[in-house]
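Have the structure open as you read.

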Amino acid sequence: EGYTVSTEKVSSEAVEFDITAPVMASEVSGSEDMIVVGGPAVNSVAVALLGEGVVGVSEGEAVVRYFADSNSVLVYGWDAAGTQAAANKLNAGGLTGEEVNVQ
């Protein structure tokens, strides 16, 4: 009693994203369900996710951060190499939590 039995099946298949047509920050029309690449120093969408006045990562750091309120992921590093490392970490899968630091 007090329980509902569901017959839905859950798939363990990987989620696929349509990234055949990436857009520039200036072309973004929504505010949720995004994978945003590039930190607040270079990406206005990242600023919108993080909030005004937020400082990015320190030298040699990179991060993959999930924003539950907008169901979006932000991937960025101190430099292009850090951003690439964070994107590779996201692509490898298996991440948990709201933030993963990439070294």
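## Starting with Thr 83

Thr 83 counts as buried because its relative accessibility is 16% (buried means under 20% relative accessible area, exposed over 50%, partly exposed in between, with a 1.4 Å probe and protein chains only). Thr 83 sits in helix H2, residues 80–92 (helices are DSSP runs of H or I with at least four residues, strands are E runs with at least two, numbered from the N terminus).

What does Thr 83 touch, leaving out residues up to four places away in sequence? Its contacts are Val 37, Gly 38, Val 75, Tyr 76 and Gly 77, where contact means heavy atoms within 4.5 Å.

Now for the strands. Four of them form an open sheet with mixed pairing, in the order E1-E3-E2-E4 (two strands pair if DSSP finds at least two bridges between them). E1 (35–37) and E4 (99–102) are the edge strands, each pairing on one side only.

E1 and E3 (residues 72–77) run parallel, joined over three bridges. In this pair, Ile 35 stands opposite Val 73 of E3.

## About the model

This is a predicted model: local features need pLDDT of at least 70, side-chain atom pairs count only at pLDDT 80 or more, and totals for chains, interfaces and linings use all residues. Residues are numbered from 1 along each chain as its sequence is written, and side-chain values use heavy atoms, with hydrogens and water left out.
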